[in-house]
Amino acid sequence: MNSQPVDDVTAAYILETRKTFEDLRQVASQIAGVLVLAAAGGKSATPDHPMLEAAAELHREAADRVRSVRPTPRARAHHACLAQAAEALSLALSASQRMEVEPMLIPVRAAYAHLQRAGNTLPGFEMVAFEQGCCGLTA
Amino acid sequence: MNNYSIWVMEFAHVPNYHLSGLVYGAHNQGHVRLPYCYVVIKGHGQVAMVDVGYNHKAYGEVLANLYGVRDWHPPREVLAECGIKPEDVSNIFITHAHFDHMGNIEDFPNAKFYLQERELSKWVWAMSLERRFRWLMLGIDPGDILRAVDLARQGRLVCVNGDREEVLPGIDLHAAFDTHTWGSMYVTVRARETWVFCGDLAYRVENLRGTDPDDPQYIPVGLATGSQFNLIMTSEAMVKSAGGDPSHVIPPHEDRLKEMFPSRQTSAGLRITQLALADGDKSLV
């Protein structure tokens, strides 16, 4: 994680984009969830799976917010990662219309990597919800 | 009788964890050392494990900075103490899908992973819920879900429905639904004695025996997605599986295992606890 101090405007950016980051993380999880069902031979893993609909809607809202937010110079790298993650998830959702595992999996992996990088550029963005979590995570 | 060696291997720890997170209702009772461990079971020409820990590359810095997790060591280094390489591990029983139990799948390239199907399906269901339900997703890493996709495609993910006996000689899997998580399970191993590996169904001795030795009781763990009732009843089932001896139900986060069983510290400061030693194996303690 980048531990350089954060100016006030960037702090406001962090607060503004935290939900967007979490939503993109959620979209990646939802698509991955359907992929697990598909890979495990689940019959419900079809293009009209309700989770894909939920993912598409959440993605639409999150991608809109990524486009509209104005990053500070300190937050530019973070914003670029969010934009790349949103783009990759868009590709995965398109592929989900045909339920093709590989064309879905590759962009989801890319999105996950972009989100990880975003989490490394500014504080306050985590890939796992640790708060109140198990096994010593609130020590 | 099955000829197994069994070791509980520490791979990281939290120096000061609040007791109330581990034992239900133990508020304002101070802090304890909390080790992170997995279990190695070696015998019958196989190496099995209960859980695989977490991936330091993905979470290590966050955990170290925010939560005080210390001294993480990779499986290659930890398992070397038993003369085992990660590639040697053939079967892994995942007690539940939290990142610190399932988060290091990719370090075991040849292993088959056993997980309750309910654990997977309920996490997937939870992902479809709206944002206000996000507490239900605590401890779940999207990266682990992606790695589970790879496992399934490689035919290395075994989704278990309920109990399964003799998954290896003398090793049974037991479902504990709606307890710590939706699809938790515990593992029994019949070696010279019967051992029960409980994942996070118990964190501490107090969960299985209470705090008064003269008047034992079950006290649930401090965190559950499921119900306290189910945790209590599962505690009873685990103790019965261990022949009525709660000391044979092994909570991997219990720091006092070192006082209960033969143990030693490695040069890296990690604890090894030896529960059983097969004929011909060398003692590690």
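Reply: Start with a helix pair. H4(A) passes H5(B) in a left-handed crossing. Left-handed means that the near helix is turned anticlockwise from the far one by less than a right angle; clockwise would be right-handed. Helices (H or I, at least four residues) and strands (E, at least two) are DSSP runs, numbered from the N terminus. This is a predicted model: local features need pLDDT of at least 70, side-chain atom pairs count only at pLDDT 80 or more, and totals for chains, interfaces and linings use all residues. Residues are numbered from 1 along each chain as its sequence is written, and chains are lettered from A and ligands numbered from 1 in the order in which they are written.

Me: Which residues of H4(A) and H5(B) meet?

Reply: Contact means C-beta atoms, placed from the backbone, within 7 Å. Leu105(A), Val108(A), Arg109(A) and Tyr112(A) of H4(A) meet Pro142(B), Gly143(B), Leu146(B) and Val149(B) of H5(B).

Me: How many helices and strands does chain A have?

Reply: Four helices and zero strands. The pattern along its sequence is α-α-α-α. H3(A), residues 76-96, packs on H4(A) at about 165 degrees, the axes 8 Å apart. H3(A) and H4(A) are therefore roughly antiparallel. Their crossing is left-handed. The residues that H3(A) brings to this meeting include Cys81(A), Ala85(A) and Leu89(A); those of H4(A) include Val108(A), Ala111(A) and Leu115(A).

Me: What share of chain A is buried?

Reply: A residue is buried if 20 or more other C-beta atoms lie within 10 Å of its own, exposed if 12 or fewer, and partly exposed in between. Of the 139 residues of chain A, 47% are buried. Take its contacts between residues at least 6 apart in sequence: 72% join residues at least 24 apart.

Me: Which residues touch the most other members of the largest nonpolar core?

Reply: A nonpolar core is a set of buried Ala, Val, Leu, Ile, Met, Phe, Trp, Tyr and Cys residues joined through C-beta atoms within 7 Å. The largest one has 133 residues, and Leu24(A), Val36(A) and Ile92(B) touch the most other members. Helix H1 of chain A (residues 8-39) gives the largest share, 13 residues. Beyond four places in sequence, the contacts of Val36(A) include Leu120(B), Val124(B) and Ile145(B).

Me: What is the strand order in the sheet of eight strands?

Reply: Strands pair if DSSP finds at least two bridges between them. This open sheet of chain B runs E6-E5-E4-E3-E2-E1-E13-E12, with mixed pairing. E6 (157-160) and E12 of chain B are the edges; each has a single partner strand, so one side of each lacks a neighbour in the sheet. The twist averages 25 degrees from one strand to the next. E3(B), residues 46-50, and E4(B), residues 91-93, run parallel over three bridges. E1(B), residues 5-18, pairs antiparallel with E13(B), residues 271-276, over four bridges. E12(B) and E13(B) form a hairpin with five residues between them, and Gly269(B) in the turn has a positive phi of about 85 degrees.

Me: Is Gly43(B) buried or exposed?

Reply: Gly43(B) is in strand E2 of chain B, residues 31-43. Gly43(B) is buried because 23 C-beta neighbours lie inside 10 Å. Tyr4(B) is 39 residues away in sequence, yet 4.5 Å away in space, C-alpha to C-alpha.

Me: And the sheet of five strands: which strands stand at its edges?

Reply: The order is E7-E8-E9-E10-E11 in chain B, an open sheet with mixed pairing. E7 (164-168) and E11 (249-250) of chain B are at the edges, each with a single partner strand, so one side of each is left without a neighbour in the sheet. Helix H7 of chain B (residues 228-241) packs on this sheet, touching E8 (171-177), E9, E10 and E11 of chain B, at about 155 degrees to E10(B). E9(B), residues 183-190, and E10(B), residues 194-197, pair antiparallel over four bridges. Val187(B) has Phe197(B) as its bridge partner in E10(B).

Terms used. Two residues are in contact if their C-beta atoms, placed from the backbone, lie within 7 Å. Axes are lines fitted to C-alpha atoms, for helices over the stretch in contact, and angles run from 0 to 180 degrees between N-to-C directions. Angles under 35 degrees count as roughly parallel, over 145 as roughly antiparallel, 65 to 115 as roughly perpendicular and the rest as oblique.
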